[in-house]
Structures are given as C-alpha cells and as structure tokens.
Amino acid sequence: MPHGLLGWRYLLWQPPAPVRRHRALWWHNGARWPRSAWLVVQGWLWLRWIFCLAWTDAVRTVARLGPDAAGFWGIGQSRQLLRVLRLALGSCIPPIDCYRFGLVRHPERALDYVYEHELPAYHHWRSAPPGPSAASLALLQDKLALAAELAGLQVPVVETLQCVPKTEPLDSLLERLQGPGRVFCKSRSGHAGIGAFSAWRTPAGLAGRCLDGRMLPDTDAVNDAWQHLHALGDTLIQPCLTNHRALQPLTDDDAAIGVRYISQWRGTEATCLCALLEIPSGVAPGSDRTRYCILPIDPRVGRVLEWPRDAYLFSRDRQSSAKIRLRVPDDFSLPDWSALVAASHRAHARFPDLWAIAWDWILTPTGPFLLEGNSGWGTTIPQIIHGAFLAAA
C-alpha cells in the first residue's frame, strides 16, 4: 500500500481539514526520500492498489467477516462490500480497518482515525517540536541500555543474565544455562518479539517455546531458534518471569500475562493514555500459535474492564473475551497497580520529547517488572477503546 492515506482529494486547492491532516502525514512519511522518487514510488503503489490489490483484499475481507458483521450491525454483505470498496479505493484505507473501526457502519468517520501505514509520521507529529530526538529513540531501542538507565530511576526492570554479542562465535545455548530455571532469550534491539523464545533443561537436554506459542521439543529445535536469534544481533538471556498468583486463574496457559501501559507526556508530567491486559488464551484452531485476548484496564485503579459495547470484535475474540471476563471477580484490581503506574511515569520523564510510550510489564509474585518501552506502538486498539485520535485534532 502507499505509505499513508492517498486519494484524489489531495489535489483540491483547499481540501477539508481532515484531508489536509492525512495529506501532511503521508507527505512526512517520505521526508527521507528525494521528493521526485517518493512521488514515483507512491504513484506506482497507488495504481497497483487501486487496480488490483484493493479489490481482492476487499472481497476476501468481506467474505470472511461479512456474515458475522451482518448479524452485529444488521448491514447486508453487498452493502458492506460497497462501503469497503469506496473507502479502500477513495482513500487507501485497508478493508480490515473498515471493520475494526466500525467504518462499515459509519463511513463518514473514516478520516478521524490514524492507520498503521501512517504511524511513523503520526508519532513524529505528536511529539514535541522538532520531534523525538535520535538519542531517545536509540535508547528505547536498546533494551540493555534502557534497563540500566531506568534502574537508576528506581524503575523495576527485568534482570539480564547474559548479553551475547553478535560478533561472538555461535555456541550451544545448553552451555550457557546455569541451574534448572527457565530463561527467556530475545534480541537486544528487536521489536515485536521477533525470534524470542523461552528454554529450559530436560533430562534429554533442552526444550523451549517460541513467543508466538510454537513448541521447541528438543535440543536441536532450541539451538535452531538460538542460531536464528543470534543472527539478528546481540542477544539477551533473562530469567523467564511468572505470573502473580492473582492473575493465573485468568488463563490456562503457562505463558506470562502482559500489561501494556501507554503513558503520554503532558508538558511537565506523564499521564495514562491507555492500559491493556494481554492474556494468552490457548492455541488457535488449526494453528500452533498462541492467541491473546486483550482487555481494557481502568488506569485509575487497575480494574479490568469490558470492551465498549459498540466496538466490533471478530467473533473468535468476542467469545474469548467473554470467557475470560467470567473469570474476573467484580471487585478485582490488578496487583501492585499503583507501583506500575508510578514507575511508568518516572520512566517517561526520562523521555519528555516523546508524546507517548508503550511500556510492557509483567506482574510477578514479587512485583511488576518492566520488559521494554516502545516509541512506535500501534494505535488501532487504543482508538477502538478510547475513540479516534484525529476526531478532536
């Protein structure tokens, strides 16, 4: 797709304000390109999208989600397809987002939202002028340096047992493990958990599990994952964190339940923009990968909430959410919530040039531990819960 929303209305002499905002985001995404090359590339991507990919993507998306959405919204599939095509062809809006943001029902709200393919420009625009500094972005990207920096600010961070430079010769992970406990291996500068896995000793050698849920049944499989991770860059070996006992009833999985706390900087202090609980909810049918159920959190007291009633969730996610909500007592609040909030705000004070940072936490029996901070976090779920980010811009 083009790197942002793109449509014929950009050519108007005085386009409406929402169109101007998205045009500015699209234009900023090409700031590092020679402008002539940027226009050529975007023109090619737009033509390919308009004459081929938008049609196939729209048809497939409506075929997959249309029957369920028809029951949820009372809108027939033919009408859904027309609205999806109109938005996909007219503004380069991904068909899947037409359902996530309820645009099938309210297409007039399409330009109120921020979409994934314009995220870099949006994060830069929202940060303090002249935008986030290269030093701040580099520190957030380096998990080892970030942990050392934040530990000095009394932020509880996960311990790093070993840092294995990419320049070191590759050896067996078994030789590096000390004791019977589980370890978690991840890239020092990676994102989205690419290549990350946990590992532990067995009588036969090693076993493990990838972050996405795929099992590593023996030493050979673990060493293959170790080799792949080592090829990505410097590798961190950390203790594998376990859930606080108050959270364990929420899942039948032994993977850790995550908390994503998105803080925003408001001039002199940080406040909460959005907080989410990420609960492993088993393996998807016909797959070997773990699914996650995401639930909103009330940032004031750490209470687990339901999704907004008008939010459209895929039927599988709706069922998973309802099942887990039944396990949550009415008066249940996340343990050590005030400590997590205070630590997130202290951490963000180190980065006042960034408008919002997503902090990933694990709530353990000994308190919350920070895994990492993210500057380029996705805006889809926060907008579904709290409303369109550009609606009041």
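Predicted model: local features only at pLDDT ≥ 70, side-chain atom pairs only at ≥ 80, totals over all residues.
**Entry 1: around threonine 364**

I looked up where threonine 364 sits, and found it in strand E11. What does its side chain reach? The side chain of threonine 364 reaches the backbone oxygen of glycine 367 at 2.6 Å. I then listed its contacts, leaving aside neighbours within four places in sequence: they are Leu241, Thr242, Asn243, His244 and Phe369.

**Entry 2: strand E11 as a whole**

Next I checked the rest of E11, residues 356–364. Nine of its nine residues are buried, so the strand is largely enclosed by the rest of the structure. Which residues cover each face? On one side I noted Ala356, Ala358, Asp360, Ile362 and Thr364, and on the other Ile357, Trp359, Trp361 and Leu363; all of them are buried.

**Entry 3: the partners of E11**

I looked for the strands that pair with E11. Strand E7, residues 258–265, runs antiparallel to E11 and is joined to it by seven bridges. Here isoleucine 262 stands opposite alanine 358. Strand E12, residues 367–374, is also antiparallel to E11, again with seven bridges. In that pair, leucine 363 faces proline 368. How many residues make up the hairpin link between E11 and E12? I found two.

**Entry 4: the whole sheet**

Stepping back, I read the strand order as E10-E9-E8-E7-E11-E12, an open sheet of six strands with antiparallel pairing. Strand E10 (303–304) and E12 stand at the edges with a single partner strand each, so one side of each has no neighbour in the sheet. Two bridges join E10 to strand E9, residues 290–298, and the two run antiparallel. The bridge partner of aspartate 298 in E10 is arginine 303.

**Entry 5: helix H9**

Which residues of helix H9 are buried? In H9, residues 315–325, I noted Ser320, Ser321, Ile324 and Arg325. They span an arc of only 130° around the axis, which puts them on the same side of H9. What do the buried residues of H9 pack against? I found strand E8 (270–283), E9 and E10.

The largest nonpolar core here has 88 residues, and Leu334 and Trp359 have the most contacts inside it. Helix H2, residues 35–73, gives the largest share of this core, nine residues. There is also a second, separate core of 16 residues, including Val183, Ala199, Ala225 and Ile237.

I then went back to leucine 334 for its contacts. Not counting residues up to four places away in sequence, leucine 334 touches Leu247, Val259, Leu277, Ile297, Gly302, Val304 and Leu363.

**Entry 6: alanine 204**

Last, I picked a residue from a loop. Is alanine 204 buried or exposed? Alanine 204 is exposed, with a relative accessible area of 75%, since the label starts over 50%. Its loop lies between strand E3 (197–202) and strand E4 (205–210). I also checked threonine 219, 15 residues from alanine 204 along the chain: their C-alpha atoms are separated by 8.0 Å.

Definitions and conventions:
Residues numbered from 1 in each chain as written. Heavy atoms only, no water. Buried < 20%, exposed > 50% of the residue type's maximum accessible area, 1.4 Å probe, protein only. Helix = DSSP H or I, 4+ residues; strand = E, 2+ residues; numbered from the N terminus. Pairing = 2+ DSSP bridges. Polar contact = N/O pair within 3.5 Å; in protein donor to acceptor, adjacent residues only side chain to side chain. Contact = heavy atoms within 4.5 Å. Core = buried A, V, L, I, M, F, W, Y, C linked by side-chain atoms within 4.5 Å. Arc of directions from axis to C-beta.
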